[in-house]
Amino acid sequence: VMSQNIILTTGVYDLIKDHLRRKKVTAEQENILTKELRHAEQILRRDLADNIVTVGKKVTIKELNSNQEYQLNFVSPEKAKPKKNRHSILMDEGLATIGYKIGDVIEWPANDGTKKYEILNVEAVS
């Protein structure tokens with residue numbers, strides 16, 4: 001499904017690489033992310049299109065298995081405050097969707113089975 005190359009800022013690229021180095025993901029997730037990083041397009045933050053999932057975005061995701069829709073504000077790990085809906089980009093949904101854009105559907109091997117996420121909207125966090 002996921003043949004297109006993801007687009008990342010260098011900061012986020014390094015963040016994910018470090019996350020992998022610390023073995024914070026399953027082997028299956030590591031395979032996907034390693035492959036994605038190998039082909040990822042790295043660009044400057046100011047050149048990143050508005051419709052791409054990254055840190056500092058409010059992302060509306062639909063989980064297609066359950067048809068649930070939710071909004072997540074993605075932030076860097078040290079700024080995460082889930083109770084205030086500020087979620088680490090390194091949470092499952094973040095790792096699954098980072099670098100993808102509105103309209104993309106992503107399969108992700110979560111701990112409780114494979115999830116299918118559709119990115120419905122991406123906007124700047126006000």
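A crossing of two helices is left-handed if the near helix is turned anticlockwise from the far one by less than a right angle, and right-handed if clockwise. The model is predicted: local features need pLDDT of at least 70, side-chain atom pairs count only at pLDDT 80 or more, and totals for chains, interfaces and linings use all residues. Residues are numbered from 1 along each chain as its sequence is written, and side-chain values use heavy atoms, with hydrogens and water left out.

**Exercise 1. Describe how α1 and α2 pack.**

Step 1. Locate the elements. Helix α1 spans residues 10-21 and helix α2 residues 27-39. Helices (H or I, at least four residues) and strands (E, at least two) are DSSP runs, numbered from the N terminus.

Step 2. The angle is about 145° and the axes lie 11 Å apart. Axes are lines fitted to C-alpha atoms, for helices over the stretch in contact; angles run from 0 to 180 degrees between N-to-C directions.

Step 3. Assign the hand. The α1 and α2 crossing is left-handed.

Step 4. List the contact. From α1 come Tyr 13, Ile 16, Lys 17 and Leu 20; from α2 come Glu 30, Leu 33, Thr 34 and Leu 37. Contact means heavy atoms within 4.5 Å.

**Exercise 2. Work out the strand order of the open sheet.**

Step 1. Write the order. The five strands run β5-β4-β3-β7-β6, with mixed pairing. Two strands pair if DSSP finds at least two bridges between them.

Step 2. Find the edges. Strands β5 (86-88) and β6 (105-110) each pair on one side only.

Step 3. Examine two pairings. β4 and β5 run parallel, joined by three bridges. β3 (residues 57-63) and β4 are antiparallel, with seven bridges.

Step 4. Check the hairpin. Four residues separate β3 from β4, and Asn 67 has a positive phi near 65°.

**Exercise 3. Is Asn 73 buried or exposed, and what does Asn 73 touch?**

Step 1. Asn 73 sits in β4, residues 68-75. Its bridge partner in β5 is Arg 86.

Step 2. Asn 73 counts as buried because its relative accessibility is 12%. Buried means under 20% relative accessible area, exposed over 50%, partly exposed in between (1.4 Å probe, protein chains only).

Step 3. Collect the neighbours. Leaving out residues up to four places away in sequence, Asn 73 touches Lys 57, Lys 58, Asn 85, Arg 86, His 87 and Val 125.
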